[in-house]
Amino acid sequence: MIHYLTDTTTTDIARELNLAQEHYTLTTGRVLTLIIVASVSDDVEAILRASRDASHEHPARVLILLTADSSDETYLDAELRVGGEAGASEIVVMTLNGAMAHHPSAIVTPLLLPDTPIVAWWPNVHPDQPATDPIGQIAQRRITSAAELSALAHNYAPGDSDTAWSAITAWRGIVASALDRYPDHRVVKVSITGDGGPEHAIAAGWLADALGVEVSSQVDDSAHTNARADISVLAEQFAVAELILFMDDGEQVRIARADNHTVSVEIPGAARSLVALNVRSWAERLSEELRHLDADEIYARSLRASEQL
């Protein structure tokens with residue numbers, strides 16, 4: 001069900017949410033409040049799809065704040081989505097017009113679930129310092145989807161994360177598994193080639209931090225079009241094209257993209273193997289970010305290390 005509220009107030013929205021809880025059993029048992037901050041010019045349907053699909057694992061009250069023209073007349077429009085339109089969540093899409101666009105935290109505060117964690121997500125444009133943003137200040141977890149990681153590295157605070165990190169989780173598992181299969185030797189140098197985007201950068205930072213060796217990072221120009229993080233676009237290929245781990249015995253462990261859904265793993269003394277690896281959807285990335293609401297120290301170290309490469 002979608003219920004439209006025009007030129008409304010947060011009091012009216014809260015009342016409609018209470019009425020919905022009386023009629024839709026799926027609107028109870030929420031485990032967190034997810035605040036999504038975007039613009040009316042963003043791909044709202046893609047944002048809705050990601051939050052709805054992620055809700056099957058993390059039932060939540062989802063509050064989507066869409067900022068409109070701040071010079072327009074001040075008023076608030078809202079859509080309340082429950083039932084099949086919201087997955088296992090209740091979703092409120094609010095369009096902030098006029099001066100209201102400058103005060104999103106005041107709009108969202110009356111609608112927060114009591115005694116549950118608060119998570120903020122900026123699917124496109126994000127503040128350079130999420131922890132000091134008015135929305136970030138009320139959130140325990142702050143998720144960005146950055147086009148590049150430099151500002152985030154300089155302004156990191158415990159609780160920050162980025163979907164570039166969750167995008168490479170399966171790949172990191174493949175790398176760790178490959179090294180486990182060659183346990184008697186250590187890595188002395190690393191070469192990583194990718195699209196030059198945030199996933200490539202955080203992957204290189206993770207290797208530098210985890211292995212403590214020189215990491216040479218190169219951009220594959222043919223894949224550069226995938227480098228921009230954008231909620232409306234899902235890259236066809238995984239961000240890292242090739243990883244070569246140079247071992248202390250002169251051998252190499254090589255993990256390379258074989259096609260859009262597979263990586264090739266070559267380990268000395270073993271037959272070449274193929275491992276399935278798909279580009280993770282935005283819902284999958286968001287779901288993983290919502291599993292961990294405490295500070296992620298490995299992400300923090302990898303983020304800082306990526307700035308040194």
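The following is a friendly conversation about a predicted model.

Trainee: How do helix α8 and helix α10 lie to each other: roughly parallel or roughly perpendicular?
Mentor: Start with the axes of α8 (residues 198-211) and α10 (residues 297-306), which come within 7 Å and cross at roughly 105°. Angles from 65 to 115 degrees count as roughly perpendicular. That makes the arrangement of α8 against α10 roughly perpendicular.

Trainee: How many nonpolar, polar and charged residues are in the contact of α8 with α10?
Mentor: From α8 come A201, I202, G205, W206, A208 and D209. They meet I298, Y299, R301, S302, L303, A305 and S306 in α10. Sorted by class, this contact has 8 nonpolar, 3 polar and 2 charged residues.

Trainee: Is A201 buried or partly exposed, and what is its relative accessibility?
Mentor: A201 lies in helix α8. Beyond its neighbours within four places in sequence, A201 is in contact with L149 and S306. Buried would need under 20% relative accessible area. A201 counts as partly exposed, because its relative accessibility is 28%.

Trainee: What separation is there between the C-alpha atoms of A201 and T11?
Mentor: Along the chain, A201 and T11 are 190 residues apart.

Trainee: Which element gives the most to the largest nonpolar core?
Mentor: That core has 39 residues, and the members touching the most others are W171, I192, L207, L243 and I255. With 6 residues, the element that gives the most to this core is α8. A second, separate core has 26 residues, I13, L76, L80 and I135 among them.

Trainee: Which residues is L243 in contact with, leaving aside its neighbours within four places in sequence?
Mentor: L243 is one of the residues touching the most other members of the largest nonpolar core. Its contacts beyond those neighbours are W171, V175, V190, S191, I192, L207, V253, R254 and I255.

Trainee: How far apart in sequence are the parts that the pair of W171 and W206 ties together?
Mentor: A search of the whole structure finds 4 aromatic pairs. W171 and W206 form one that is edge-to-face, at 6.1 Å centre to centre with 65° between the planes. W171 belongs to helix α7 (residues 169-180) and W206 to helix α8, so the parts tied together are apart in sequence by 35 residues.

Trainee: What are the relative accessibilities of W171 and W206, and are these residues buried or exposed?
Mentor: Buried means under 20% relative accessible area. W171 counts as buried because its value is 2%. W206 also counts as buried, at 13%.

Trainee: Which residues form one aromatic cluster?
Mentor: One member, Y299, is also among the α10 residues that meet α8. The cluster is made up of Y156, W165 and Y299.

Trainee: Is D220 buried or exposed?
Mentor: D220 sits in the loop between β10 (214-219) and β11 (240-247). Not counting residues up to four places away in sequence, D220 touches T193, G194, D195, A241 and R257. With a relative accessibility of 19%, D220 counts as buried.

Trainee: How far apart in space are H103 and P134, C-alpha to C-alpha?
Mentor: H103 is found in the loop between β5 (90-97) and α3 (104-108). H103 counts as partly exposed because its relative accessibility is 48%. H103 and P134 are 31 residues apart in sequence, and C-alpha to C-alpha they are apart in space by 8.3 Å.

Trainee: What do the buried residues of α2 pack against?
Mentor: In helix α2 (residues 44-54), the buried residues are V44, A46, I47, L48, A50, S51 and A54. They pack against β2 (32-39), β3 (60-67), β4 (75-81), β5, β6 (118-122) and α9 (282-291).

Trainee: What value is phi of D7 near?
Mentor: D7 is in the loop between β1 (2-5) and α1 (10-23). At 55% relative accessibility, D7 counts as exposed. Its phi is positive, in a residue other than glycine, and lies near 45°.

Trainee: And what value is phi of D115 near?
Mentor: D115 lies in the loop between α3 and β6. D115 counts as exposed, with 82% relative accessibility. Phi of D115 is again a positive value in a residue other than glycine, near 60°.

Terms used. Residues are numbered from 1 along each chain as its sequence is written. This is a predicted model: local features need pLDDT of at least 70, side-chain atom pairs count only at pLDDT 80 or more; totals for chains, interfaces and linings use all residues. Side-chain values use heavy atoms; hydrogens and water are left out. Axes are lines fitted to C-alpha atoms, for helices over the stretch in contact, and angles run from 0 to 180 degrees between N-to-C directions. Helices (H or I, at least four residues) and strands (E, at least two) are DSSP runs, numbered from the N terminus. Angles under 35 degrees count as roughly parallel, over 145 as roughly antiparallel, 65 to 115 as roughly perpendicular and the rest as oblique. Contact means heavy atoms within 4.5 Å. Ala, Val, Leu, Ile, Met, Phe, Trp, Tyr, Cys and Pro count as nonpolar, Asp, Glu, Lys and Arg as charged, and the others, Gly among them, as polar. A nonpolar core is a set of buried Ala, Val, Leu, Ile, Met, Phe, Trp, Tyr and Cys residues joined through side-chain atoms within 4.5 Å. Buried means under 20% relative accessible area, exposed over 50%, partly exposed in between (1.4 Å probe, protein chains only). Rings of Phe, Tyr and Trp (its six-membered ring) pair if their centres lie within 6.5 Å; planes under 30 degrees apart count as stacked, over 60 as edge-to-face and the rest as tilted.
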